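Let's take a friendly look at how charged side chains pair up in this protein. Have the sequence and the 3D view ready, and follow along residue by residue.

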Amino acid sequence: MRISLIVVPAMMVLLACGSDSDPPADDQASSSTTSAAGSGGGASTAASTSASSSASSSGSGGAGGSGGSGGVGGSGGEGENLLAAADSIDGFRWEMPCDQDPGNSDECACSALVDEKKTFGGSPDTVYLVTVRLRGVVEPETYKGGTPDGMHFRVGGTPDNATYNRYSISVSDPAEVYWLNDSPTVGHDTFIIDHTKTIPIRGGSTVSFKGEDPNHTSIANFKHLVVEGVPPAPEPYVGQFIQLDVQSVEKQP
């Protein structure tokens, strides 16, 4: 689902809001900031990737679904709507459904592949700080290199297991890859992720979304986890998925 754009007078400030509800008691959350460097337009650009929150939980939750609700915030000068620059990525979903409903089995065949590219809006002379919320149900994967940034989120690096699912966002400028299901170990488990991250993206750059199951056997959503407020809630998704909702967009100083 796309968020609705709200135009307000220039002197008002839009507030960026996340979830009003507290995470379940068994959630684990952390916040951190890591730096990413990139270049474009002939000049080197330093940008930061900020973790407002990063959480995982187990609860009870899939049939497929799409859409969702984004956040608000991000306006520039008079008449400028910075949120519009992120229209191409807002509401994007990685969907990796089981080929058949596995019932209570802890694994299923999965032939799905997510491999899509979007062109970010805005000016190529500007790097935008895009705050996104990423929620879904995934299995673990280990990664090597890069920098852990809160629970289950890693900036940079490469996959370190040949069989478990990988989920990523890649930005062409400033060039960086972000892994969404980072874990210290792999195993037959699924969990809820709820990341709120700020990612630097230059106007006109390419944003790539990938989700792959190297051995075509996924860990099923056998705990029937539901991500509150994200389709197909209140039903569990049969397989794994992630939804991205843009919360705010600002110009990098």
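Glu141, Arg166 and Glu212 are joined in a network of salt bridges. A salt bridge here is a side-chain nitrogen of Lys or Arg within 4 Å of a carboxyl oxygen of Asp or Glu. This is a predicted model, in which local features need pLDDT of at least 70 and side-chain atom pairs count only at pLDDT 80 or more, while totals for chains, interfaces and linings use all residues. Residues are numbered from 1 along each chain as its sequence is written, and side-chain values use heavy atoms, with hydrogens and water left out.

Are Glu141 and Arg166 buried or exposed? Both are buried. Buried means under 20% relative accessible area, exposed over 50%, and partly exposed in between (1.4 Å probe, protein chains only).

How many salt bridges does the structure hold? There are 10, including these:

| Salt bridge | N to O distance |
|---|---|
| Glu95 and Arg93 | 2.7 Å |
| Lys118 and Glu116 | 3.8 Å |

Arg93 is buried, at 10% relative accessibility, whereas Glu95 is partly exposed at 27%. Lys118 is partly exposed at 26%, and Glu116 is partly exposed at 36%.
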